[in-house]
Amino acid sequence: MPTSRPNILLVMSDQHNARFMGNAGHPVVRTPALDQLAAQGTRCSAAYCPHPLCVPSRMGFLTGRPPSEVGCWGNGSVLDFDTPTFAHAFAAAGWESVLCGRMHFEGPNQFHGFQRRLFGDSTYSLSPEILGQGRNRTNGQTRYAVEVAGHGQTGFQSFDQIVTDRACRFLRERSPADPPFCLVVGLMLPHNPLICSQRWFDYYMGALPPLELPTPREIEHLHPAIRAWRQRRDVDDLTPLRHRRALAAYCGLVSELDQNLGTLLRALRQPAFADNTLVVYCSDHGDQAAEHGLWWKSSFYEGSARVPLIFHQPGRIPAGRELASVVSLIDIGPTLLELAGAPAMPTASGRSFARLLLNQPSPSWPDEAFSEYAGDHGDRPSCMLRRGRWKLIYYSEFDSCQLFDMYSDPSEQHDLASDPAHRPILDALLADIRQRWSAQRMIDGLQRDRERWKTIKDLPPIGPHPVEHHQPLPGDNAFDFSQLPQPPSLLRSLQNQQGVFPAVGR
Ligand SMILES: [Ca+2]
């Protein structure tokens, strides 16, 4: 354990596919800051979110518990005021617990254990023209969000710049006499709208190789749950050019995220922090980014369910190492507390993998991650259990599974669920899922959530001090729709939206 209490800087992006980093082997995307962090630290290459959707994943991450255990089922979920988070745990142990930027807290409590919030969230960052409306929204999960892709700028970029500036100012003003800090910086990129600066967009349009998209025949043979997922979002017949433009913009947003991370890391280069700051980078979930022809989150393919995760503390955490053990975002709080020498959080069911990070024997590590999804956009509940080499995805809508061998088939091309030779492992994992999880419980929870949300969604924030949410300036949002190869095709079959949370800035 450290001789003095380390500072902690944790940067969480939104919707970053773990493959989209140079250090993770991506052939094109440019991420020099993330690459340097990974070169000097340890990259966890099998880290998963506990729910491939923003609010439940983040509340699981903060509390160290499966989201359904803390009553979070969807993007309108309000975490109970008195549910302990690792921000509470650090504050109780003498750290100053600080949040800067996004954490997607719903309801009036905008702190949840953070003693200070340097800047608020991105709820109002997009202009109506760029945001769109109804289901034809650029920040949502329908074909319109892929079609409106290109170069320009959005309030999410200006939000991230302000968050970065405020966090850097906090670091610059820190005195050695101050208590150690646990600073969580929440950035919005590379979350869609798929609009990035022209410099990056032009670069990636030229640099990306031809995309590998499923053929119509392959789409016909997809698992019925994936076919239903595609139809609900109306993404079946997006052209290769639409996908390519969207992917170029996504790569551009990743590079812009990386630039902000680089700015933050440079602000840490001062004697007061040099040897005693633990830096962590992660994202709340991934983005399919055209893998399997899909976009966004809300599925359990690697692009959506796996997250980037890097730990950096030179002289303590091994440099340039890949840790391939299976871990979850709900394990991060317990891990940070142990690495910092702070008391553990008794309410957490996530486990510390500090010993794995320090390259110490950890024979009892379960090497598994569970992730659940209550449903959104008309989806029905589903869940995923990754244990060692195996990954089982269970779809309640069809009472059926996908099974992948992640060691031999990391891109999930060969579903082994109907292979008799793999029946024993499928049965064992499915029995485990049936014991710990219920689709009906997810449906009931989501319904209760919606009722709670209607009552308290508009209450003003309460907490230690007022919170300044982002208000974009004129010019922060600019997109020339005439650059699109064809006008966006507005959603053809609008589904019944009764009871669905409005999804602004999700
Ligand atoms: Ca998110």
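The axes of helix α1 (residues 32-39) and helix α10 come within 7 Å and cross at roughly 55°, which makes α1 oblique to α10. This is a predicted model, in which local features need pLDDT of at least 70, side-chain atom pairs count only at pLDDT 80 or more, and totals for chains, interfaces and linings use all residues. Residues are numbered from 1 along each chain as its sequence is written. Helices (H or I, at least four residues) and strands (E, at least two) are DSSP runs, numbered from the N terminus. Axes are lines fitted to C-alpha atoms, for helices over the stretch in contact, and angles run from 0 to 180 degrees between N-to-C directions. Angles under 35 degrees count as roughly parallel, over 145 as roughly antiparallel, 65 to 115 as roughly perpendicular and the rest as oblique.

**Helices around α10**

On the α1 side, the contact with α10 is made by P32, A33, L34 and L37, which meet D258, L261, G262 and L265 of α10; two residues are in contact if their C-beta atoms, placed from the backbone, lie within 7 Å. The residues of this contact divide into six nonpolar, one polar and one charged, where Ala, Val, Leu, Ile, Met, Phe, Trp, Tyr, Cys and Pro count as nonpolar, Asp, Glu, Lys and Arg as charged, and the others, Gly among them, as polar.

Helix α6 (residues 155-172) also packs against α10, with axes that come within 9 Å and cross at roughly 10°, so that α6 is roughly parallel to α10. Here Q157, D160, Q161, T164, A167, C168, L171 and R172 of α6 make the contact with E256, N260, T263, L264 and A267 of α10, and these residues comprise five nonpolar, five polar and three charged.

Helix α7 (residues 198-207) packs with α10 (residues 240-267) at an angle of about 125°, their axes being 8 Å apart, and the two are therefore oblique to each other. The crossing of α7 and α10 is right-handed; a crossing is left-handed if the near helix is turned anticlockwise from the far one by less than a right angle, and right-handed if clockwise. W200, F201, Y204 and M205 in α7 meet A248, A249, C251, G252, S255 and E256 in α10, a contact with seven nonpolar residues, two polar and one charged.

**Strand pairing**

Strands of a sheet pair through backbone hydrogen bonds, either parallel or antiparallel. Two strands are taken to pair if DSSP finds at least two bridges between them. The table lists strand pairs with their direction and bridges.

| Strand pair | Direction | Bridges |
|---|---|---|
| β4 and β9 (residues 181-186) | parallel | six bridges |
| β4 and β5 (residues 116-119) | parallel | three bridges |
| β18 (residues 390-395) and β19 | antiparallel | six bridges |
| β8 (residues 150-153) and β10 | parallel | two bridges |

Strand β4 (residues 96-101) is mostly covered, with five of its six residues buried; a residue is buried if 20 or more other C-beta atoms lie within 10 Å of its own, exposed if 12 or fewer, and partly exposed in between, with C-beta atoms placed from the backbone.

An open sheet of four strands has the order β16-β17-β18-β19, with antiparallel pairing. Its edge strands, β16 (368-373) and β19 (400-405), each pair on one side only, and the twist averages 10° from one strand to the next.

The bridge partner of G150 is I195 in β10.

**The surroundings of L187**

L187 is found in the loop between β9 and β10 (195-196), and it counts as buried because it has 28 C-beta neighbours inside 10 Å. Leaving aside its neighbours within four places in sequence, L187 is in contact with V11, S13, D14, G101, R102, D160, V163, L257 and N260. L187 and I162 are 25 residues apart in sequence and 9.8 Å apart in space, C-alpha to C-alpha.
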